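I opened this one to see how the pieces are laid out. Here are my notes, in the order I ended up with.

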Amino acid sequence: MAIAEVPRFVRADGPDKVTGSGRYAADINLTGQLVAKFRYAGVSHARITKLDTSAASAMPGVFAVLTAADVPDVIYSPVVPDRRLFAKDVVRFEGELVAAVAAVDAATAQAAVDAIVVEYEDLPIVDDLEAAMADGSPLVHQDWESYAVTGDTVQRPNVASFSSIEKGDVDTAMASADHVVTSRYVADGCHALPIEPRAVVAQWEGEKVTIWTSTQVPFDARAGVCETLQMPASKVRVIVPHLGGGFGGKCGFHFEAHVAALAKAARRPVKLVFSRQEEMVAPDRRREGMIVDITSGVKADGTLVARTGWIAIDNGAYTADAAFFPQLAAMHVAGPYAMEAVKVEASLVYTNHQPSGSVRAPTAPQACWALESHTDELAAVVGMDPVEFRRANIVDEGVEGAAGQVYGEIGLRRCLDAAVGASAYGDDLPDDEAVGVAISWWPSFPGPSGAYIKIDSDGSGMIITGAQECGTGSVMTLRMLAAKELGMEPEDFQLVYQDTSAAPYDTGATGSQTLLNNGRAVVEGAREVAAQLRDLAADQLEAAPDDIVLASGKAHVSGSPDKAVSIVELAGIAAEGEMLIGKGSGTPPEYPSVSAMCVGDQGLAGWAGPQFACHAVHVRLDRETGVVRVLDVSAAHDSGTIINPVAAHGQVEGGIMMGVGQALTEGTQYGDDAKQRNTGLLEYKLQTAADAPTIRTEFIEIPDPNAGPYGAKGLAEAPNVPTAAAIANGVAKLVGTPVRQLPMTAERVWMTSEGMSS
Amino acid sequence: MSFTIATTVDEALVALGAGARPIAGGTDLVVGARHGKAALPGDLVAIDRIDELGGVELDSAGVRVGALMSHAELMTDPVIVGSYTAIADASALVGSPSTRHVGTLGGNVMNGSPAMDTGAPLTVLGATAELRSVTGSRTVSLDELWAGPGRTTADLGELLVALHLPPAQDRCGSAYVRLEYRRAMEIAVVGAAAAVTLAADGTIASAAVALAAVAPTILSVDGVDQALVGCTPADAGPVVAALASEQAAPISDLRASDRYRRHCIGVMAKRAVDAAARRADGESIAVPVNRSLGIGAA
């Protein structure tokens with residue numbers, strides 16, 4: 001691709017981050033600043049019978065103590081508004097906020113938090129997904145019917161959002177099958193775990209508040225503050241210093257309003273910095289636990305004819321952004337396969353756990369793990385090689401998918417061929433080694449986005465964008481796009497970003513969408529500046545603007561490279577008159593139509609810019625202990641055109657490592673009290689650099705006309721989807737049967753191989 | 001609240017006598033305090049600059065290993081790697097490179113965790129602990145030293161200054177293996193150390209096995225020597241696995257169930273004996289055994 005002619009350049013934020021000179025939210029310190037601490041529920045489900053903050057308020061050095069009584073009584077959250085800033089009457093999970101304190105220092109703030117008197121009357125704990133959905137279950141939300149849900153959202157008792165995907169007559173199609181296979185897979189919840197625990201600093205100046213926060217979505221954070229504190233957007237400014245990772249855990253609006261309210265009450269700047277434990281318990285962003293039942297019918301020749309699915313997703317106590325999870329999970333249980341008839345139903349189930357929310361490819365790694373494990377079971381029942389079975393049944397150009405979308409040119413088949421071909425699949429391996437294969441898909445998320453581009457008098461460029469950098473590098477890649485349009489180098493551009501008062505709106509570092517949407521905005525803005533440069537150069541060179549070419553820092557007349565003027569010179573001329581300023585937004589790609597019937601539609605059955613992938617993972621099993629080691633991973637991805645290969649490889653490698661953790665070691669353990677038991681990095685086992693396998697990545701570059709700039713699709717989430725599934729299929733080959741729980745811990749693998757259930 | 005930097009053992013002992021607690025690498029004390037396990041003691045005496053507490057010295061009674069030897073030093077020390085290899089295996093598995101560089105043998109021993117990595121190797125190698133206080137010194141067996149999880153029988157005024165190891169025998173070898181779920185920043189789910197001496201005919205002349213993380217303290221497996229003497233190393237495997245699983249008294253926690261621990265400790269004990277016997281037979285198995293033989297996540 002032409003765009004990849006500049007494969008390597010220094011990230012704008014790289015030197016700051018590497019040398020330690022970069023500033024993160026926790027590094028912000030303001031004169032007179034106070035420390036914020038929260039009082040958490042500490043119990044999973046209870047009615048508040050007494051809440052007395054008088055002793056805390058009276059303590060020397062305490063400037064503010066807030067509870068639900070001290071902030072506007074607003075019930076918020078997108079789609080399913082079901083929560084308040086502070087618990088009112090009932091607490092529904094251990095990390096729910098009951099009160100907040102601002103004090104002169106951490107010790108005083110903690111002492112004040114401890115001095116708050118809260119008494120509870122226990123309510124029945126709801127922590128079993130199936131029991132929660134049964135008639136007569138205690139309710140997590142007594143008032144669920146009163147919540148002002150939006151769109152086509154369907155609710156039921158203890159179900160925040162229900163969706164189905166239904167195509168064709170599934171009973172008839174299933175009856176025509178030669179084999180029917182039913183499987184159950186159960187995934188534990190897990191965490192996004194950015195290395196930087198979040199921090200928020202708020203400072204008021206008159207009626208305006210400025211909030212420095214570690215969020216992936218500054219405009220969402222601003223909207224949350226405006227909604228809950230009932231303020232106009234013009235009075236709230238959200239700034240994100242460098243962000244120390246997110247992985248979805250910092251999507252959505254979290255504690256910005258609490259800190260702003262504390263700062264207002266205290267009449268001083270207030271700073272909140274989370275501990276690791278708080279980071280793991282309090283935010284409404286964790287990867288959801290899930291039960292997946294799948295039944296598929298296949299013909300003796302291996303043709304897939306019908307599928308039914310039943311999915312229960314652990315919503316936790318509040319809905320955060322999870323209303324779309326059922327539909328997305330249903331799409332992943334249906335999968336990128338062609339079949340006559342499908343019926344998948346999915347429920348987002350309230351429990352007294354920490355709320356779930358978008359973590360890198362929400363619902364997909366677990367649902368893909370279930371589906372692709374099930375797919376290997378289907379291949380076995382008809383006696384086919386699992387890769388051949390997939391080749392026979394996957395969607396392809398012109399083929400109608402599970403929800404009735406008909407695909408254009410897609411790279412799924414080439415991904416399958418490339419990943420399997422690069423792996424040791426089919427080779428003679430030692431009897432404790434195997435290669436497992438899984439395929440996956442993931443949508444791109446078109447949306448509105450904006451940017452300004454300017455070139456200053458010295459010829460230096462600046463991109464002023466609403467986009468947020470969370471480590472994916474996509475904001476950094478924007479410089480390549482501007483440079484290409486303007487015949488300049490990426491290093492010629494500075495970025496102004498992560499400030500809601502500086503730039504137009506962008507969704508933020510969420511849904512793999514920065515390049516897809518903000519890339520479009522930057523290209524459009526840069527083209528405006530390019531047109532200005534051509535006009536100026538045409539005057540200087542006595543040529544028509546259409547004949548001016550921008551390249552190598554110069555404007556020259558087409559066909560006459562020597563007849564040129566430098567962009568620096570043009571910028572100097574422009575600075576004396578009409579300045580070089582462009583703006584971009586543009587029309588987002590369209591969502592395709594689908595033929596499936598979707599109850600509880602959340603707009604995610606038809607996918608623009610669908611991404612496809614295949615991972616082939618070589619694993620080794622210590623048969624006596626059940627410990628699995630991932631030796632190497634061959635990955636192939638269709639994410640459309642790859643704009644920045646270095647960043648793209650980084651996304652795939654990081655996504656795979658996250659997938660290895662989900663597969664083998666990362667899972668939340670709950671006590672009978674519905675509280676998390678492993679809320680630290682000692683007992684919640686992330687993979688380490690020492691565990692990283694060899695990773696080979698191939699990109700199948702098919703420019704998608706209905707996607708981002710130059711046919712690029714998203715890439716941040718897709719690499720996280722099939723890894724656990726591929727590992728599972730390797731392990732199942734060695735054990736002889738699938739391990740039906742995620743993570744597939746050593747003990748679970750051992751128990752499965754011994755024929756024990758846990 | 002006080003922080004004293006001692007440059008001699010005597011200075012340190014005076015501070016201990018006055019109620020201070022010793023700190024060397026701080027990898028247990030500081031991390032524990034941060035996690036709310038135990039508050040940082042009010043008075044600390046830093047012992048990390050006391051030269052007398054370092055070094056590995058050969059003497060007539062065997063080898064004296066200074067309490068301040070870091071895990072990073074132990075895993076490459078020629079005497080330890082050559083003759084007391086299980087200690088090097090264990091040291092190489094502790095935490096991360098940074099914890100291994102600041103964490104010390106003395107700290108590992110006196111922290112008294114049943115999951116400590118160096119405890120089982122020291123036990124099978126017959127180590128004794130030299131404790132000093134302002135009133136004198138005494139040498140105790142490790143069995144006497146460890147009283148329970150996080151507890152020792154040392155008085156508050158006593159400082160562990162060295163571990164003493166008996167002279168290495170001909171045709172002897174040792175190894176430490178552990179069950180782990182990842183390759184760094186890990187704590188033993190269960191661990192086993194073995195020391196084996198071979199007779200001229202290749203059968204086992206003497207053997208000892210000790211276990212980590214399956215009892216309130218490091219557990220020395222009874223009856224190993226009697227059961228294994230005269231066995232070939234291959235025949236010894238199932239025997240030692242059964243003994244270890246039988247005698248283990250594991251708990252269920254976040255890392256594993258008691259049932260799984262009981263099974264895995266047998267596997268680890270068998271592998272430790274196998275590796276120790278191979279080393280006794282002259283085979284060079286690089287430290288740590290876990291990585292060399294592909295054990296756990298290796």
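**Helix pair in chain B**

I began with a crossing: helix 11 of chain B and helix 12 of chain B cross in the right-handed sense. This is a predicted model, so I kept that in mind for everything below. For the geometry, I got axes that come within 7 Å and cross at roughly 145 degrees, with helix 11 spanning residues 233-247 and helix 12 spanning residues 258-280.

Next I listed who touches whom. On the helix 11 side I found, among others, P233(B), A236(B), V240(B) and A244(B), and they meet a helix 12 set including I265(B), G266(B), A269(B) and V273(B). Sorted by class, the contact has 9 nonpolar, 4 polar and 3 charged residues.

**Domains of chain B**

I checked the domain assignment too: domain 1 is 1-47 and domain 2 is 172-290. The C-alpha centres of these two domains of chain B lie 34 Å apart.

**Sheet in chain A**

I then looked at one pairing: strand 1 (residues 34-40) and strand 13 (residues 270-273) of chain A run parallel over 2 bridges. V35(A) has K271(A) in strand 13 as its bridge partner.

Technical notes
Residues are numbered from 1 along each chain as its sequence is written. Chains are lettered from A and ligands numbered from 1 in the order in which they are written. This is a predicted model: local features need pLDDT of at least 70, side-chain atom pairs count only at pLDDT 80 or more; totals for chains, interfaces and linings use all residues. Side-chain values use heavy atoms; hydrogens and water are left out. Domain bounds come from an automatic or database domain assignment. Axes are lines fitted to C-alpha atoms, for helices over the stretch in contact, and angles run from 0 to 180 degrees between N-to-C directions. Helices (H or I, at least four residues) and strands (E, at least two) are DSSP runs, numbered from the N terminus. A crossing is left-handed if the near helix is turned anticlockwise from the far one by less than a right angle, and right-handed if clockwise. Contact means heavy atoms within 4.5 Å. Ala, Val, Leu, Ile, Met, Phe, Trp, Tyr, Cys and Pro count as nonpolar, Asp, Glu, Lys and Arg as charged, and the others, Gly among them, as polar. Two strands pair if DSSP finds at least two bridges between them.
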